[in-house]
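Please look at the structure below and read the report beside it.

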Amino acid sequence: MLHEVNWYTIAVMLRDFLRRFKKKDGTVLFNSIVDREDLIIRIGAGNTGEYPAIWILFGSEESLDRQDKVNGATVQLWIDMYVKGEAEDSGEDYDDTCYRQIYQIEQEITYVLPMFQRYMAENGIYMKLNPLAVLSDGDTNAPVSVSARYVLDIEWHKNRL
């Protein structure tokens, strides 16, 4: 039985964490994508063609069988990633520009998840993160644009009030 729903709180905190995170060298995440300065990280779907973008979508929140003193559930979030190809020839292999960008985003999300987990614990929500899959759009619009989905299960717990 769900005693509390936290998917939105977790999604907001993930969005804000991804927006603010700085690497040890002071650079921001997703620095290698085309038009990084235009990157939109939001909760919910945006507009078609709004690239580059990362949309954090709600999949589900399901109860866990836990003791009465612990509140928790499993949340599934879908992190949709949208990138575009380069407008001009950069000297790189044009055909895989989008794939390289999606791969970098996936790598950086995977890299920061343990730090996000610690950040959430500092804010009273203890989590076990389980990245389930990375799914492709099947190259529908490649090499102009590519999208992918990072499926993340989050088992969260906190003490009941």
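## How the two helices cross

H1 and H2 cross in a right-handed way. A crossing is called left-handed if the near helix is turned anticlockwise from the far one by less than a right angle, and right-handed if clockwise. Two packed helices are described by the angle between their axes and the distance between the axes. For H1 and H2 the angle is about 125° and the axes are 11 Å apart. Axes here are lines fitted to C-alpha atoms, for helices over the stretch in contact, and angles run from 0 to 180 degrees between N-to-C directions. H1 and H2 are therefore oblique to each other (under 35 degrees counts as roughly parallel, over 145 as roughly antiparallel, 65 to 115 as roughly perpendicular and the rest as oblique).

Which residues of H1 and H2 meet? On the H1 side they are Ile10, Met13, Leu14, Phe17, Leu18 and Arg20, and on the H2 side Val112, Met115, Phe116, Tyr119 and Met120. Contact means heavy atoms within 4.5 Å.

## Basis of the values

This is a predicted model, in which local features need pLDDT of at least 70 and side-chain atom pairs count only at pLDDT 80 or more, while totals for chains, interfaces and linings use all residues. Residues are numbered from 1 along each chain as its sequence is written, and side-chain values use heavy atoms, with hydrogens and water left out.

## The chain as a whole

The chain has two helices and five strands, in the order α-β-β-β-α-β-β along the sequence. Helices (H or I, at least four residues) and strands (E, at least two) are DSSP runs, numbered from the N terminus.

Of its 161 residues, 41% count as buried. Buried means under 20% relative accessible area, exposed over 50%, and partly exposed in between, with a 1.4 Å probe and protein chains only. Among contacts between residues at least 6 apart in sequence, 64% join residues at least 24 apart.

## Aromatic rings

A pair of aromatic rings is described by the distance of the centres and the angle of the planes. Rings of Phe, Tyr and Trp (its six-membered ring) pair if their centres lie within 6.5 Å; planes under 30 degrees apart count as stacked, over 60 as edge-to-face and the rest as tilted. By this rule there are eight aromatic pairs. In one of them, the ring centres of Phe17 and Phe21 are 5.5 Å apart and the planes are at 45°, so the pair is tilted. Phe17 is buried at 9% relative accessibility, and Phe21 is buried at 12%.

Phe17 also pairs with Tyr119, again tilted, at 5.5 Å centre to centre and 40° between the planes. Because Phe17 lies in helix H1 (residues 7–20) and Tyr119 in helix H2 (residues 97–122), this pair ties together parts that are 102 residues apart in sequence. Tyr119 is partly exposed, with 22% relative accessibility. Phe17, Phe21, Phe116 and Tyr119 form one aromatic cluster.

Leaving out residues up to four places away in sequence, Asn6 touches Glu61, Ile125, Trp156 and Lys158.

Asp35 sits in the loop between H1 and strand S1 (40–43) and is partly exposed, at 28% relative accessible area. Apart from neighbours within four places in sequence, Asp35 is in contact with Pro52 and Lys84. The C-alpha atoms of Asp35 and Tyr51 are separated by 8.4 Å, with the two residues 16 apart along the chain.
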